[in-house]
Amino acid sequence: MSDTVLRFESVSLHRDGQSLVKDVDLRLAAGQMLAVLGPNGAGKTSLLNCVNNVSDYSGKILLQDRSVADFSPQQRAKILAMLPQQSALNFPFSVREVIMLGRFPHKTGFTVDTAITDKLLTMMQLTTLAGRCYTSLSGGEQQRTQLARVLSQLILDADMSISSGSVLLLDEPVSSLDLSHQSSLMILLKEFCAAGLAVAVVLHDLNLAAAYADQCALLKEGQLLVAGSPDDVITAASIRHAYGIEVDILAHPKTAKPLVIREF
Amino acid sequence: MPTLLLLITPLALFLGLCVGPVAITPIEVLSQLPYLLTSQSPVEPNLIGSYPIIRELRLPRTFLAWLVGSGLALSGAAMQGLFRNPLADPSIIGVTSGASLGASVAVVIIGPQIDVWLGLSGLVMGAFIGGLLAVLIVYRLASETPLSAKTGSLLSGQGNSVATMLLVGIAITALAGAANSALAFVADNETLRRISLWNMGGLDGANDQRLILGVFIILPAMFIVWRSHRSLDALLLGESEAHYLGVNVSHLKRLLIVMVALAVATSVALAGVIGFVGLVVPHLLRMVVGPSHRQLMLCSALAGGILLVLADVLARSLVSPAELPVGVVTAVLGAPFFIFLLRQRRGHGLQ
């Protein structure tokens, strides 16, 4: 098993008398993709928010074996990026400008930033929209723009290299994407993983998680029910436990990964 | 766009020196320039008469107008960014109403003409202190409201604390307005007229002391605000997003609010309440140069300065030898123009 870059040690989060996250232990290794699964209100977003040190959680979260609070905001931002579920941006930036905002923690200069942005525009199939006003885009196009922005935050230079041990947290990044863009995003993320990026991604589509994730973590009511490989986590029993529904699990005819079939 | 505005700026300032109740030709003003720059009285007989008018009246007035207009517009751009709302203006943090109340208190209690400090009247001091006090109260109340606790605002992802500050700002503005009305109720007619004229803005009190005070407070504050342009851009994405990008959000908020409070309190103290400039100049420029704050704040500062110099020229010349309050001019000319532009490019700046 490769190096752990992000480690949760008995992390709990309480707010207004409710416990949103209960005693979660979890590890994310460099180059791996972790799918965070669970029903609505299971604490997936709360767990990711703890990482950025915005919540008064108890327990420990270690980024590259250091407490997140020990990093300066800029140091941290170069190796840890997060895409929230919703975007509050309602100012008429162009798509290109939004992606350039991701370069905030870097001092690489306009030429390099532009080169990185151009490459990300191509990767996210946004080139034709580069000059369009962000607020005029469809939900899916906005989501792809924001994804390109958080990716650009972690890129170090025009060769698109990333710092080893970088972590990307994505909160439901495919919620507005069509099937084709869902797959191409996951494939792109896997390419970044191959270059050493660790990705934790909140997903609702269990089949997408099974197809692409290296690890899965299933949460319910703030507790971690089970974590491990997709084969271990995506089982009829754990899904019944977490979601309260009956499913059949088949093996995908091509990849042999678990395939969830709902009973209607 | 910045180049164009930079070219217009000296023209507007020059016009400010030329226009007034006493007719002085542009040629005469031009030949005064070397003396103005060296602060020596001219020796040519035809210039001796007009020199004091330009040096003592029009020069401080024109430059103060530029400074105030530019400070208000840049502050407006920064507040619209901080509150992520293109309808915000500098008065949103309570500074204007606080200054207004401070000025009324000073006028009613000390009287308008007494020099308190450095040749500045009680009104100027009262306005300055009142403006800063109001912001302090708004800021403290907003940051002690549970909703706006740092964790709460970031977790919700929408930034409650600026929303709380906006609401507290509205409440304090209303309270100060009520106190102001109460003071107007007890004031005698002369004082009342003074207060209400001051509330319409006017640069007629401009002198060297006021200009120097403005230069030493407004310009540095503007520069510090402008330097935060990248953080302000990031903040438009949302408070949490800015935090993830490495912006120290609470530090940025504090810095911007302190600097805007200083700039606006000084502006209001020196030139009264001048509405419209801080709201509309950045709003219009956003349609032209886009929302990125580096260009937007630079252009706003330049355009705000030009606008107020020209508005003051009109205020002095329209009903000469009397003067209109400059706030009336900015509103009467600006509001229809603004509506016209909004109809031309419907929704572009708002959504």
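## Helix α4 of chain B

In this predicted model, B:R84 follows α4(B) and has a positive phi, near 45°. The helix itself covers residues 51–82 of chain B.

How far apart are the end C-alpha atoms of helix α4? They are 44 Å apart. At 1.5 Å a residue, its 32 residues should span 46 Å, so the two values agree. The helix also bends: a kink of about 40° lies at B:R58, shortly before the proline B:P60. Most of α4(B) is covered, with 25 of its 32 residues buried.

## The whole chain

Chain B has 16 helices and two strands. Its radius of gyration is 21 Å, close to the 20 Å that the globule rule gives for 351 residues, so chain B is as compact as a globular protein of that length. The C-alpha trace spans about 70 × 50 × 40 Å along its principal axes.

Of the 351 residues, 53% count as buried. Among contacts in chain B with a separation of 6 or more, 76% join residues 24 or more positions apart.

## Confidence

The model scores ipTM 0.89 and pTM 0.87. Chain B averages a pLDDT of 82, and 90% of its residues score at least 70.

Which element of chain B has the lowest mean pLDDT? That is helix α7 (residues 150–156), at 41. Helix α11 (residues 229–235) has the highest, at 93.

Over residues 147–159 of chain B, pLDDT stays under 50. The model still has 32 contacts for this stretch beyond four places in sequence. Residues 347–351 of chain B are also below 50, with ten contacts beyond near neighbours in sequence. Where pLDDT is low, the predicted coordinates should not be read in detail.

Note on methods. Residues numbered from 1 in each chain as written. Chains lettered and ligands numbered in written order. Predicted model: local features only at pLDDT ≥ 70, side-chain atom pairs only at ≥ 80, totals over all residues. pLDDT = per-residue confidence, 0-100. Helix = DSSP H or I, 4+ residues; strand = E, 2+ residues; numbered from the N terminus. Contact = placed C-beta atoms within 7 Å. Expected span 1.5 Å × (residues − 1). Bend = angle between axes of the 7 residues up to and from the residue. Buried ≥ 20, exposed ≤ 12 C-beta atoms within 10 Å, placed from the backbone. Rg over C-alpha atoms; globule rule 2.2 N^0.38 Å.
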